[in-house]
Amino acid sequence: MKVLWLCNTMLPRIAEALGEKAGNKEGWLTGLSEQLLTHASDNNIKLGVCFPILKNDASARGETGGLSYYGFWEDTANPERYDGGLEERLTKILEEFKPDIVHVFGAEYPHTLAMTRCIKEKDRLLIGIQGICSRIAKAYMADLPEKVQKRCLLRDFLKRDNIVRQQQKFAARGQHETEALQNVLHITGRTKWDREFAEEVNPEATYHFMNETLRPEFYGPAWDMDGCEKYSIFVSQGNYPIKGLHYLLRAMPDILAAYPQAKVYVAGDVITRYKTLKEKLKIGSYGKYCLDLIRENNLSDRVIFLGKLNSGEMCGQYLKSHVFVSSHALENSPNSVGEAMLLGMPVVSSDAGGVSSMITDKKEGLLYPCHDVKKLGEAVCTMFGNDGRAVQYGKQAKERACITHDPQANYKRLLEIYNEMTEGLQA
């Protein structure tokens, strides 16, 4: 069986073959692909991967360790724009590799829609839902003040990318996503929320449940209360409104009133840089809003931006922190929550989207009503104030995550889906 993956990123094995720096995105794809390749003689699968690159480079194709790879040019900086030329580029890859099944990871990309338009036999195509852009667009403003939503700082003006425009981009991607899902007969997902969405947009498609395997660094290490910085909060990213960093910043005065030692560590882009003239000119509206909240609430020495971290550094920061917080305005099944659970950390999360399919409130962590800043603060304080409960939640979270993110089980489930699809083709 020949299976072609369509991914939004270059796998590390391919990056090494091309002499490129491996990215840190979608690390779970690496583990899954390595299992397919390692057991190729048993599973009888020939795997190929195609992925976007930033230039039309014919050399970005070949084979490494039994994996065929094909780079194709795509304007990844503007994923809301559909490029009809993708159809020709992907058709050439299909003609060369001749797959039995095409598995697309993520419904929201232009290349996904292009692939669904390229393939006439829709029963050979499988799309895995990641985020749901049409729903994200509706939730994108995340209770920001209207003046923050609509203002346009210099950076926003030059990039034509203020918060309203960002929301519009997600809405455009959502339209492409919906059309792509309507063009297939097989969809994978992992939460009650994404299943309901899939059945709404395409009731004729078969929904295949499949959990995700996480980055390998998170299998093995275990969080320990004695080894963490007490009263520290870790947030995996806060780059834009939907991630909800501002909710936590608004909750911090209540948290600090009870626990004055509390600190927040934020991984990812440092969106609040504002010291030099260049930084002041480059700051975006959301970054400025978060900076204003930090200043208004006297949080300058309480909120530490860590910058971009690799997988090992991320894992280390989870382990050093007292509580992991996911204050997203909307999410399907955030891998960051899964990683924290897999490490056995105390987790506080908004009850957003599909999160309740990952974690049971008051058993594997604490869920609070989305957008409720007061409840967010109370949940964090509950974790800080009861070590026994926090440890127990973390232990139970790890037990569940070891099942949800079991690499071997998820690999077997993937093979089952591929076999179900090929049996349907032969029938």
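**Exercise 1.** With which residue does Asp161 form a salt bridge, and how far apart are the closest N and O atoms?

*Solution.* The structure is a predicted model, in which local features need pLDDT of at least 70 and side-chain atom pairs count only at pLDDT 80 or more, while totals for chains, interfaces and linings use all residues. Residues are numbered from 1 along each chain as its sequence is written, and side-chain values use heavy atoms, with hydrogens and water left out.

Step 1. A salt bridge is defined as a side-chain nitrogen of Lys or Arg within 4 Å of a carboxyl oxygen of Asp or Glu.

Step 2. The partner of Asp161 is Arg155, with the closest N and O atoms 3.1 Å apart.

Step 3. Both Asp161 and Arg155 are buried, where buried means under 20% relative accessible area, exposed over 50%, and partly exposed in between (1.4 Å probe, protein chains only).

**Exercise 2.** Determine which residues are linked with Arg155 in a network of salt bridges.

*Solution.* Step 1. Arg155 also pairs with Asp156, at 3.0 Å between the closest N and O atoms.

Step 2. Lys169 meets Asp161 in a salt bridge of 3.1 Å, N to O, and both of these residues are buried.

Step 3. The network therefore links Arg155, Asp156, Asp161 and Lys169. In the whole structure, a search finds 28 salt bridges.

**Exercise 3.** Describe how the buried residues of helix H10 are arranged around its axis.

*Solution.* Step 1. Helices are DSSP runs (H or I, at least four residues), numbered from the N terminus; H10 covers residues 192–201.

Step 2. The buried residues in H10 are Trp193, Asp194, Phe197, Ala198 and Val201. Seen down the axis, they fall within an arc of 135°, so they line one face of the helix. The arc is that of the directions from the helix axis to the C-beta atoms.

Step 3. The face turned away from the buried side carries Lys192 and Glu200, which are exposed.

**Exercise 4.** Identify the residues of the nonpolar surface patch and the helix with the largest share.

*Solution.* Step 1. Patches are made of residues with over 30% relative accessible area and no salt bridge; nonpolar side chains (Val, Leu, Ile, Met, Phe, Trp, Tyr) are joined within 5 Å, and like charges within 9 Å.

Step 2. The members are Leu154, Phe157, Leu158, Leu277 and Leu281, with about 550 Å² of accessible area together, from the Shrake-Rupley method with a 1.4 Å probe.

Step 3. Helices H8 (154–159) and H12 each give two or more residues, and H8 has the largest share, three residues.
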